[in-house]
Amino acid sequence: MGVRCLAQGHLSRGIAGPRLEPTTLDLLLNRSNHYTVKKMILTFEKRSYKNQELRIKFPDNPEKFMEAELDLNDIIQEMHVIATIPELYHLLVELNAVHSLLGLLSHDNTDILNELTDIDTLHESEEGAEVLIDALLEGQVVALMVQNMERLDETVKEEADGVYNTLAVIENMAEFRPGLCTEAAQQGLMQWLLKRIKAKMPFDANKLYCSEILAILLQNNDKTRELLGEMDGIDVLLQQLSVFKRHNPATAEEQEMMENLFDALCSCLMLPANRDRFLRGEGLQLMNLMLREKKMSRVSALKVLDYGVIGPEGSDNCHKFVDILGLRTIFPLFMKTPKKMKKVGVSDKEHEEHVCSIIASMLRNLKGQQRSRLLSKFTENDCEKVDRLMELHFKYLEAVQLADKRIEGEKHDMVRRGEIIDDAMDDEFYLRRLDAGLFVLQLVCYIMVEICNAGVPQLQQRVHQILNLRGGSVKIVRHIMRVFLFYLNSMTLFLCKNENIVALQ
C-alpha cells in the first residue's frame with residue numbers, strides 16, 4: 001500500500017524530479033489503461049496453455065518446455081502487482097483467468113494465487129474480493145483443488161509445495177468468508193484432510209497445515225462436525241492422538257499439530273451424536289491413559305474428557321468412565337494441580353475448572369452403583385476431598401470478591417460521570433467475573449450442593465463444619481447457585497434443581 005500511495009501522490013501532484021520509466025504499477029493505477037491489464041492476463045492465459053501443452057507432449061524431456069516455462073514465469077512475476085490492487089480482481093473473472101490461476105497450484109509459482117487471496121489484501125477492497133471469491137466458488141474451486149491435491153506426489157518437493165499453497169488459499173478464503181467451510185467440507189475437502197492426516201508419511205509442514213484447516217472447518221459448525229462423524233473421523237483423530245499417550249511430540253511443530261487435533265476432537269464432541277462415536281471408539285480409555293501417563297497430551301486429554309461427559313448427552317460416557325476406573329485418575333488431579341501444567345502454558349484455574357466440571361458432570365449424570373462409587377470418594381480418608389473442595393471454594397470466592405470490588409468501583413465512576421449501565425455493559429461485567437474465577441466457584445458450589453443432598457450425613461456435616469470454621473456463609477452459596485441457574489437459562493450444561501439448594505440450609 002505504501003508503494004501504491006507513493007505512486008498516486010507522484011502522479012497527482014506532479015512532483016518535480018527525474019523522469020522515471022512508467023512501471024506496471026503506474027499503468028494499473030490509470031483507469032484508462034485497463035487494456036494493459038487485460039493484455040497481461042491474456043498473455044498469461046496464452047503462455048499457461050502453451051506450457052501445459054508442452055508438458056503433456058514431452059513429460060520426460062524438460063528441455064522441450066524449458067523456454068515456455070521461463071516465459072510463463074516472467075508473466076507471472078508481472079502479474080504479482082495485481083495482487084496489490086484487489087479492485088482490479090474483476091478483470092481476472094471477466095477474462096476467465098480463474099481456472100488458469102488454479103492450474104498454478106501444481107506449478108513452482110504458486111505464490112501468486114496465495115497473494116491474490118491474502119486476507120489483508122482481500123479486506124482492502126471487499127467488493128473486488130467478493131467478485132473473485134464468488135467466481136472461485138461458482139467454479140467449484142474447492143472440488144478442483146481437492147482433485148489437484150489428490151494427484152500430486154508429495155515426495156516431490158515442488159508438488160508438496162503445491163499442496164501447501166493450496167491449503168493456504170483455502171485458509172485465506174475461509175477466513176474471509178467463514179460460511180464457505182460447510183460447502184468446502186462437502187466438496188471433498190473433509191475426506192481429503194482425514195485421508196492425509198492418517199497417511200503413513202513422516203511428519204511435515206503439510207500434515208501440520210491439514211490439522212489446522214480441519215480445526216477451522218469444525219469451529220462453530222455442526223454440519224461439518226456431523227460430516228466428520230459420518231466419515232469415521234472420530235476414529236481417525238483418536239488413532240492419530242494415540243501416538244502421544246506415551247511419547248511427547250518431537251518438535252514444537254508436532255506439538256502444534258497435536259493440539260490442533262485435540263481442538264478438532266473437542267469441537268466434534270459439541271455434537272451429541274459424536275459423543276456416542278467417541279464412546280464406541282474407546283476415546284475414554286485413551287484419555288484415561290493419557291491422564292495417567294503424565295505426558296504433554298495430559299493437558300488436552302483433560303479438556304477432551306470435560307467435553308465428552310458434559311450435559312445430559314454425556315451420561316453414557318460418565319458411566320463408562322467410572323467403569324474403566326477413571327475415578328482413580330481424576331481425583332488425584334482434583335486433590336493437587338500438577339506443577340507441569342504451568343510449564344505447558346496451562347493455568348491452575350484452567351486445570352481446576354476442567355476437573356471440577358468433570359466431577360460436576362458425573363454428579364449430574366451418574367445413577368445407581370456408579371453414583372455411589374463417586375460419593376464414596378468424598379468420604380474416604382476422613383473426607384479429604386471435601387476439605388479440598390472447600391479449599392477451592394474459599395480460594396475462588398476471594399478472587400471473585402476482589403473482582404466484584406473493582407467492578408463496583410468502575411460502576412460508581414460511570415454513574416458519577418452520568419454514563420448509563422445497560423444490559424450489554426452488565427454482560428461484560430459478568431464475563432469479567434467469570435474470567436476472575438466465578439465459573440469455577442459456581443462449579444464448586446454445585447458439587448457442594450450435590451454431595452450435601454446425596455443423603456450422606458457425613459458429607460453435609462463436613463461442609464457445614466468448614467464453612468463455620470472459616471467464616472463462610474450458606475447464604476453466599478445459595479446466591480451463587482441462583483445466579484448460576486439464571487445465566488444458564490435454557491442451556492444444558494447442568495440441569496440443576498432449585499430444591500437441591502435447600503440441602504445446605
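Is Arg462 buried or exposed? In this predicted model, where local features need pLDDT of at least 70, side-chain atom pairs count only at pLDDT 80 or more, and totals for chains, interfaces and linings use all residues, the question can be answered residue by residue. Residues are numbered from 1 along each chain as its sequence is written, and side-chain values use heavy atoms, with hydrogens and water left out. Arg462 has a relative accessibility of 16% and therefore counts as buried, a term applied under 20% relative accessible area, with exposed meaning over 50% and partly exposed in between (1.4 Å probe, protein chains only).

Arg462 takes part in a salt bridge with Asp387, in which the closest N and O atoms are 3.0 Å apart; a salt bridge is a side-chain nitrogen of Lys or Arg within 4 Å of a carboxyl oxygen of Asp or Glu. Because Asp387 lies in helix α24 (residues 368–416) and Arg462 in helix α26 (residues 457–469), the pair ties together parts that are 75 residues apart in sequence. Helices (H or I, at least four residues) and strands (E, at least two) are DSSP runs, numbered from the N terminus. Asp387, at 30% relative accessibility, counts as partly exposed.

By the salt-bridge rule, the count comes to 25. One of these pairs joins Arg246 and Glu293, with 3.5 Å between the closest N and O atoms. Arg246 lies in the loop between α15 and α16 and Glu293 in helix α18, so this pair links parts that are 47 residues apart in sequence. Both partners are partly exposed: the relative accessible area is 44% for Arg246 and 29% for Glu293. Another salt bridge brings together the side chains of Arg417 and Glu419 (2.8 Å, N to O), and Glu419 is partly exposed at 38% relative accessibility.

Not counting residues up to four places away in sequence, Glu352 touches Thr337, Arg388, Leu392, Lys395 and Tyr396, where contact means heavy atoms within 4.5 Å.

Helix α23 (residues 348–365) also holds Ser357, which is buried at 2% relative accessibility. The side chains of Ser357 and Asp306 are joined by a polar contact of 2.7 Å. Ser357 and Tyr446 stand 89 residues apart along the chain, and their C-alpha atoms are separated by 9.7 Å.

The largest nonpolar core has 144 residues, among which Ile330 and Met362 touch the most other members. Such a core is a set of buried Ala, Val, Leu, Ile, Met, Phe, Trp, Tyr and Cys residues joined through side-chain atoms within 4.5 Å. Helix α25 (residues 423–452) supplies the largest share of this core, 13 residues. With residues up to four places away in sequence left out, the contacts of Ile330 are Leu302, Leu305, Phe321, Val355, Ile358 and Met362.

In helix α18 (residues 283–293), the buried residues are Gly283, Leu284, Leu286, Met287, Asn288, Met290 and Leu291. Their cover includes α15 (233–241), α16 (252–268), α17 (272–280), α19 (297–309), α20 (315–323) and α21 (327–335). Just after α18, Lys294 takes a positive phi of about 65°. Leu238, found in helix α15, is buried with a relative accessible area of 6%. Beyond four places in sequence, Leu238 touches Leu265, Phe278, Gly281, Gly283, Leu286 and Met287. Leu238 and Phe278 are 40 residues apart in sequence and 8.5 Å apart in space, C-alpha to C-alpha.

The structure holds zero disulfides, a disulfide being a pair of cysteine sulfur atoms within 2.5 Å. For Cys266, which is in no disulfide, the nearest cysteine sulfur is that of Cys268, 9.4 Å away. Cys266 counts as buried at 3% relative accessibility, and Cys356 is buried with a relative accessible area of 1%.

Methods:
A polar contact is a pair of N or O atoms within 3.5 Å; within protein, one must be able to donate a hydrogen and the other to accept it, and residues adjacent in sequence count only if both atoms are side-chain atoms.
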